[in-house]
Amino acid sequence: MLPQILPKDKLADFARFLMGEYRLAAPVAKGHQFAFEFIETPEDVGRIRMDYDITILPPKKFLHPMYEELLRFGGRDPATGEAPIQAEPTVILGAHPYDLHAIATTDAAMRAEPADPYYATKRDATLLIGINIRGYVNDEQFMADMRTTEPPEGGWDLFMTDLGDRYYVEVGSDAGSKLHQAAGMFTQAAGDDHKAKQAFDNEKASNLPKRLPYDTRYLPELMSESYDSLLWDAVARRCFSCGTCTNVCPTCYCFDVQDKLNLDAASGVRRRQWDSCQLHTFAEVAGGENFREHRSSRLRHRMFRKGKFIYEQTGKPGCVGCGRCSVHCVADISILEAYQQIADEAAVSAMEIAAAREESQ
Amino acid sequence: MSQATQQPAEAVSPYLPRAAKIVEAKDFTEQEKYFRFEFEDGQGIEYLPGQFMEVSVFGIGEAPISICSSGGKRDDLEMCIRSAGDVTNALHELNVGDTVGLRGPMGNGLDMDAMEGMDLLFVAGGLGLAPCRSFILTALENREKFGRVTILYGSRTPKDLLYAYDLDAWRDRDDCEFLVTVDRGDDDWTGNTGVITTLFRKIDRPDAANTAAFIIGPPVMFKFTVLEALAMGLRKNNIYCSLERRMKCGLGKCGHCQIRNVYVCQDGPIFSYAEVMRLREGI
Ligand SMILES: Cc1cc2nc3c(=O)[nH]c(=O)nc-3n(C[C@H](O)[C@H](O)[C@H](O)COP(=O)(O)OP(=O)(O)OC[C@H]3O[C@@H](n4cnc5c(N)ncnc54)[C@H](O)[C@@H]3O)c2cc1C
Ligand code: SF4
Ligand code: SF4
Ligand code: FES
């Protein structure tokens with residue numbers, strides 16, 4: 001599927017075309033920050049900002065909404081239950097490569113048996129159009145280390161790169177191919193376009209240096225070694241257990257399930273809502289036993305999920321290095337810094353072992 | 001805008017419970033109530049001992065509860081439910097003829113055929129007898145498959161003893177050894193008093209290498225009891241326990257039951273002590 005060109009002044013037309021066929025979500029400015037929002041009116045189209053730095057919340061909110069109905073019931077009788085599994089055909093326009101990777105991660109997690117039909121149905125009805133990044137937009141990002149600076153192998157439909165007056169558009173799927181053909185505003189990319197894209201990529205690479213002192217192939221192993229480290233206690237002293245970090249994280253998908261009654265006090269819905277392993281009650285059971293009672297064990301659990309568990313379970317990155325958790329943390333807790341520090345620890349323990357060996361000889 | 005909603009026919013929600021009718025209900029203690037359920041759809045259920053169900057009361061919520069009847073393919077299933085909060089309190093108000101929603105069976109359970117020929121040691125503390133009973137009844141129903149069967153049960157006071165009719169039946173059998181103890185006796189109590197580990201001194205030394213133990217009870221009880229079992233020479237991977245965790249989905253998604261990289265609702269709740277040790281945060 002050959003790369004295409006979309007002239008920049010055709011972007012609004014393309015957005016309007018998409019709105020005719022789909023529910024369209026795209027990045028818009030929100031104060032001095034950015035957010036993915038539904039584009040519903042002609043005015044909204046003008047608000048689309050393909051040049052955004054990073055959104056506050058990742059696009060997970062469209063696939064795994066903050067609140068989602070699982071069941072509706074007419075009363076106590078279990079026979080009255082029904083499952084409202086549905087999805088509107090949706091296009092998410094303007095997802096950065098790291099967010100495309102994060103969606104690939106949640107795809108793998110939610111589709112793992114027993115698959116989640118609520119997520120899967122939404123995901124199947126969603127097309128992803130990515131937009132390239134030029135480099136880091138803050139000091140907390142480390143996409144180069146997490147290998148998320150380019151779109152993932154599959155799972156996206158179109159991927160755009162801003163070449164100044166035009167977008168260079170890579171086609172990632174048959175659906176993406178059909179989409180640009182149906183839109184009718186795209187032309188096949190030519191020699192100059194490929195050269196310009198190459199120049200963009202070179203520039204981009206130089207703006208995305210690695211920020212960890214080791215290859216992330218070793219991250220799961222380093223995490224294992226750091227399990228008993230005092231680092232987690234030290235960092236957790238600053239943590240408020242507020243759960244902001246997990247809310248803004250594109251690969252966090254934990255949830256709580258609650259029943260909500262309608263005004264008749266009989267019928268209602270069973271719904272899920274985002275939850276956070278950082279909250280004190282997350283692992284508490286009846287009788288008051290709490291299996292992650294201490295802040296440090298909860299913080300460590302998050303760091304381990306991001307750096308090890310999710311990767312081991314899905315084969316996809318549990319952290320895509322977007323930096324959102326660190327930027328939004330009121331206590332300035334940085335996952336990049338933590339991942340840097342565990343390397344220091346490993347180096348120290350390796351030195352200690354070597355020293356101990358020498359002494360015993 | 002074409003905003004047609006898509007509802008694929010094959011999308012069946014794993015959150016939708018099956019309706020089950022209460023066909024038997026009995027107060028065991030002030031806090032614990034026994035229920036026997038039958039499914040309204042007449043389809044029955046097949047499960048392994050150690051598996052659990054999500055019990056649902058629309059408008060209140062769901063709670064994971066162990067199946068306490070013997071494993072296999074059957075029409076009904078039994079549970080013993082302690083009132084501990086919203087859902088379990090609501091369940092205590094229900095009686096014969098009422099319906100609940102059930103999802104499951106969930107979790108791994110354990111196929112006892114894998115232990116054929118082995119001696120079995122059951123150690124249950126408090127409400128831990130509920131999941132343990134599923135293993136005990138399954139073993140006793142297939143008695144010829146196993147060697148010696150020993151059952152130890154500890155409870156706080158005589159008033160807290162569960163399944164009185166089962167206890168009598170086990171006491172009367174001559175093909176299994178059954179001992180019970182209470183932490184504190186009352187005026188009528190003539191049996192053993194003391195924590196459950198004291199019972200270990202009263203049983204014959206088992207053939208340690210050929211014994212599978214099921215130690216199910218509160219975490220403190222497990223910690224002390226597992227030491228006794230190890231001291232007798234039992235193998236770490238022949239000692240089984242059932243881990244309790246907060247659970248919201250039972251499907252390996254919501255994250256509540258996670259211990260390190262393990263989802264208790266899928267990979268558990270039955271773990272060998274060898275696995276629990278590896279998990280570190282297990283007990
Ligand atoms: C695998 C498994 C098997 C179990 N088997 C039995 C059994 O056979 N009999 C029995 O009586 N109980 C059993 N439990 C415990 C039972 O699930 C809890 O007592 C019940 O969920 C409490 O729910 P509630 O709505 O009544 O209480 P709530 O009002 O929700 O809360 C009361 C307390 O329970 C904790 N809690 C809330 N939700 C859960 C949850 N999903 N799991 C655990 N704790 C929770 C809360 O932190 C709070 O401290 C089992 C639990 C698990 C995980
Ligand atoms: S955002 Fe920061 S303070 Fe809040 S829970 Fe996360 S790490 Fe702790
Ligand atoms: S853990 Fe932090 S840096 Fe990693 S993906 Fe989540 S929000 Fe981004
Ligand atoms: S109960 Fe939700 S993941 Fe286990």
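Let's start in chain B, where seven strands form an open sheet in the order 12-11-10-9-13-14-17, with mixed pairing. Strands here are DSSP runs of E at least two residues long, helices are runs of H or I of at least four residues, and both are numbered from the N terminus; two strands pair if DSSP finds at least two bridges between them. At the edges of this sheet sit strand 12 (192-193) and strand 17 (270-272) of chain B, each pairing on one side only.

Before going on, a word on the ground rules: this is a predicted model, in which local features need pLDDT of at least 70 and side-chain atom pairs count only at pLDDT 80 or more, while totals for chains, interfaces and linings use all residues. Residues are numbered from 1 along each chain as its sequence is written, chains are lettered from A and ligands numbered from 1 in the order in which they are written, and side-chain values use heavy atoms, leaving out hydrogens and water.

Back to the sheet. Strand 9 (residues 119-125) of chain B runs parallel to strand 13 (residues 211-216) of chain B, and 6 bridges hold the pairing. If you want one spot to look at, find V123(B), whose bridge partner in strand 13 of chain B is I215(B). Helix 2 (residues 129-141) of chain B packs on this sheet, touching strand 9, strand 10 (149-155), strand 13 and strand 17 of chain B; contact here means heavy atoms within 4.5 Å. The direction of helix 2 makes about 155 degrees with that of strand 9 of chain B, where axes are lines fitted to C-alpha atoms (for helices, over the stretch in contact) and angles run from 0 to 180 degrees between N-to-C directions. Helix 4 (residues 219-231) of chain B packs on the sheet too, touching strand 9, strand 13 and strand 14 (239-242) of chain B, and its direction makes about 165 degrees with that of strand 13 of chain B.

Strand 8 (residues 99-106) of chain B is joined to strand 1 (residues 18-27) of chain B by 4 bridges, with A20(B) opposite V100(B). Strand 8 also pairs antiparallel with strand 4 (residues 52-57) of chain B over 4 bridges, and there E54(B) has R103(B) as its bridge partner. Between strand 4 and strand 5 of chain B there are 6 bridges, and S56(B) stands opposite E62(B).

A salt bridge here is a side-chain nitrogen of Lys or Arg within 4 Å of a carboxyl oxygen of Asp or Glu. Between chain A and chain B the count is 2 salt bridges. The contact takes 61 residues from chain A and 48 residues from chain B. Together the two chains bury about 4,500 Å², 54% of it on carbon and sulfur atoms; buried area is the accessible area (1.4 Å probe) that two parts lose on being put together, summed over both. On the chain A side, R76(A), P78(A) and F291(A) lose the most area to chain B, together 14% of what that side buries.

Now for chain A itself. R123(A) and D107(A) form a salt bridge, with their closest N and O atoms 3.0 Å apart. R123(A) lies in helix 5 (residues 117-124) and D107(A) in helix 4 (residues 97-111) of chain A, so the pair ties together parts that are 16 residues apart in sequence. In the loop between those helices you'll find P114(A), and the peptide bond from E113(A) to P114(A) is cis, with omega near -10 degrees.
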